[in-house]
Amino acid sequence: MDGLSLNAEPIFDDETEEFEIDGECAMTEYVGQSGVIEGENPVPPAFGMEFETYEDVYYFYNCYAKVHGFGVRVSNTWYRKSRERYRGKLSCSSAGFKKKSEANRPRPETRTGCPAMIKFRLMENKRWRIIEVELEHNHLVSPSTEKFYKSHRNISSGSKRSLQMDANQDIQKIRLFRTVIIDPDDVRKLNIDEGEFRNTIVQSNNHLILKPGDAQAFHSFFIDLQLVNPDFFYVMDLNEKGCLRNVFWAEARFKAAYSYFGDVVRIDTACLTTKYEIPLVVIAGVNHHGQSVPLGCGLVAGETVESFIWLLRAWLTCMVGRPPQTIITDQSRVMQTAIADVLPRSSYCFSLSHIMKKVPEELGGLHEYEVIKKAFTKAIYQSSRAEEFEAAWEDMILCHGIRDHKWLQTLHDNRKHWAPVYLKDTFLAGMVSVTLSEKEASPFDEYLANHTPLKEFLNSYNQCLKEIYQREALADTESRNSSFMLKSRFYFEMQLSKVYTNHIFEKFQIEVEGMFSCLSTRQVSIDGSIVTYIVKEHEVENVNEAKDYEVTLNTAVAEVLCACGLFNLEGFLCRHALCVLSQNSFEEIPPQYILSRWRKDIHRSYVLDYGCNLIDTKNPVHRYDNLYKCAVKLVEEGRKSNERYKFTLEALGEILNKVSLQDHNTL
């Protein structure tokens with residue numbers, strides 16, 4: 001036995017073996033079952049809830065007990081040999097029975113052997129998870145008796161814990177358990193020292209600024225969406241006073257889309273940096289038509305490390321813990337810190353479009369601004385090698401005497417996270433603008449302005465999603481039915497016209513046309529199966545000048561690599577690689593360079609695959625949800641044709657008869 005139980009007071013019906021729960025993620029066992037509950041009463045403890053510390057579990061259960069009129073006792077705490085706590089049990093104060101006393105006048109028995117309790121244990125992620133719950137008492141409970149229980153004496157002091165964030169301290173607790181929503185104007189209803197707490201809220205941006213009715217609007221918004229699709233995911237984070245602090249939600253389709261387009265994501269915080277009325281953060285990807293698609297949405301109380309960590313953890317939980325390859329953000333140190341904490345394996349880079357938007361603001365006051373801007377732009381977009389970028393940057397700094405400019409210094413220090421010449425080894429799927437003509441857009445741009453109120457956005461949210469999905473469906477139809485005028489006699493142009501979506505093929509055709517600007521393809525070295533070429537191309541601005549690009553070809557495995565890095569930046573081969581393939585008699589593009597994310601001949605189902613057994617079969621809510629999800633998938637398949645519809649209908653009738661017969665036999 002690897003653990004030791006140190007009981008605060010023994011209860012003899014408790015077991016002591018280790019207990020482990022398997023599941024997809026921390027929150028999926030409870031988030032989305034019933035959401036948050038309106039009112040002042042905390043929600044009851046539920047299987048799967050997680051907390052940062054042992055004390056947080058006790059505090060949560062004690063708050064619940066106080067509202068419902070019973071006390072709490074620590075029945076059992078298990079310790080490992082290292083004296084680390086790894087399991088606990090909290091019970092109603094009426095649990096068990098007192099030991100018999102030999103005293104002449106023994107005190108009357110006050111316990112009833114009450115079974116109400118929660119059990120929880122330390123998981124591998126160092127969070128405490130509730131693993132067993134019993135809510136029923138075998139005695140009367142009344143909120144009016146709460147003042148008589150010892151366990152409630154310290155609750156008010158717990159609510160006075162400091163909320164202010166100190167940059168030199170560890171990140172504060174991130175609470176992901178369900179709880180009530182309380183409008184900031186209603187905090188007076190709570191039994192908390194208001195004077196002390198009000199100051200800490202104002203200083204630390206510890207809750208969302210909501211207008212009257214916004215909290216209820218959120219509640220109704222989530223409940224309505226979940227009624228339509230039980231797999232709708234949402235979670236709310238509240239401060240210790242019960243005020244809404246952070247929110248995250250994701251449609252079931254977001255999770256399905258992530259399985260296709262989750263390699264590169266952009267975290268759009270423009271609503272925070274430009275002070276929109278709605279502090280919306282959108283996690284977005286790009287689909288096979290180059291369209292921006294939402295993969296998660298959230299509201300945060302402020303641009304703090306704590307809020308961003310909470311948001312990223314909630315999103316990662318929804319996506320079953322699978323991180324993206326690359327994350328694109330603005331130049332936020334706070335967001336960088338959060339990404340390093342939650343997604344350390346993902347590469348991250350800064351939005352070049354966001355940087356270019358800040359140029360007038362940051363450099364507009366400089367003498368010869370237009371000349372500096374032109375030199376700045378040329379260094380970024382016309383440098384094909386790191387040495388060229390560094391030389392152009394240094395020339396700009398020296399010519400205009402701006403070496404001490406802080407914004408430019410910061411940019412140069414972080415250049416490997418935003419300059420295209422340093423991102424050639426990072427897959428970006430076209431989500432970083434490598435030309436001035438490209439712009440990065442949020443999926444909700446058309447429905448969100450600086451002064452859009454929350455209720456208006458929530459009311460238009462479904463219409464916005466409908467248009468996003470219709471836009472993709474229309475592009476699917478156009479890509480399947482359209483044909484292109486070919487611009488060359490290269491077979492690989494015809495090959496990809498049958499494979500790529502219209503948007504991607506049009507971009508690929510630009511590279512095909514660019515082959516005619518490549519003056520020569522010259523072999524410079526050979527090492528076994530690896531051959532190195534120099535492709536000479538006309539300069540964009542000056543056709544009288546040419547630039548050399550090094551391309552290597554491994555003939556044994558048909559691998560081609562160009563120094564321009566376009567394949568990683570955009571996801572298709574560049575003109576220089578095409579020239580080398582053509583010179584080596586490749587009629588077709590090697591299959592590894594035709595990414596499935598750009599193909600129009602792949603059927604993408606946005607109904608999730610629920611083939612898992614990670615549910616609590618003793619829980620009727622879990623049984624209902626899992627059966628419902630399976631039925632949705634069956635309906636999705638059955639609607640595709642008249643023959644499938646008839647077959648599915650007959651099969652469902654047979655299943656219903658068998659289930660009814662099973663019930664009859666059981667009875």
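Here is a friendly chat about salt bridges and a nonpolar surface patch in a predicted model.

Trainee: Hi! What should I know before I start looking?
Mentor: This is a predicted model, where local features need pLDDT of at least 70, side-chain atom pairs count only at pLDDT 80 or more, and totals for chains, interfaces and linings use all residues. Residues are numbered from 1 along each chain as its sequence is written, and side-chain values use heavy atoms, with hydrogens and water left out.

Trainee: Okay, how many salt bridges does the structure hold?
Mentor: There are 26 salt bridges. A salt bridge here is a side-chain nitrogen of Lys or Arg within 4 Å of a carboxyl oxygen of Asp or Glu.

Trainee: Why can such side chains pair?
Mentor: Side chains of opposite charge can pair when their charged atoms come close.

Trainee: Which residue forms a salt bridge with E50?
Mentor: That's R127, with the closest N and O atoms 2.9 Å apart. R127 sits in the loop between β5 (117-122) and β6 (128-134) and E50 in strand β2 (residues 50-51), so the pair ties together parts that are 77 residues apart in sequence. Helices (H or I, at least four residues) and strands (E, at least two) are DSSP runs, numbered from the N terminus.

Trainee: Is E50 buried or exposed?
Mentor: E50 counts as buried, at 1% relative accessibility. R127 counts as buried too, at 10%. Buried means under 20% relative accessible area, exposed over 50%, and partly exposed in between (1.4 Å probe, protein chains only).

Trainee: And what does E52 pair with?
Mentor: E52 forms a salt bridge with R127, the closest N and O atoms being 2.5 Å apart. E52 is in the loop between β2 and α1 (54-68), and the two residues are 75 apart in the chain. E52 is partly exposed, at 22% relative accessible area.

Trainee: Which residues are linked in a network of salt bridges?
Mentor: The network links E50, E52, R127, R129, R313 and D341.

Trainee: New topic! Which residues make the nonpolar surface patch?
Mentor: L634, L652, I655 and V659 make a patch of about 310 Å². Patches are made of residues with over 30% relative accessible area and no salt bridge; like charges are joined within 9 Å, and nonpolar side chains (Val, Leu, Ile, Met, Phe, Trp, Tyr) within 5 Å. Accessible areas come from the Shrake-Rupley method with a 1.4 Å probe, and for residues only the protein chains shown count as cover.

Trainee: Which helix gives the most to it?
Mentor: Helix α20 (residues 642-666) does, with 3 residues. L634 is found in helix α19 (residues 620-638), and L634 counts as partly exposed at 37% relative accessibility.
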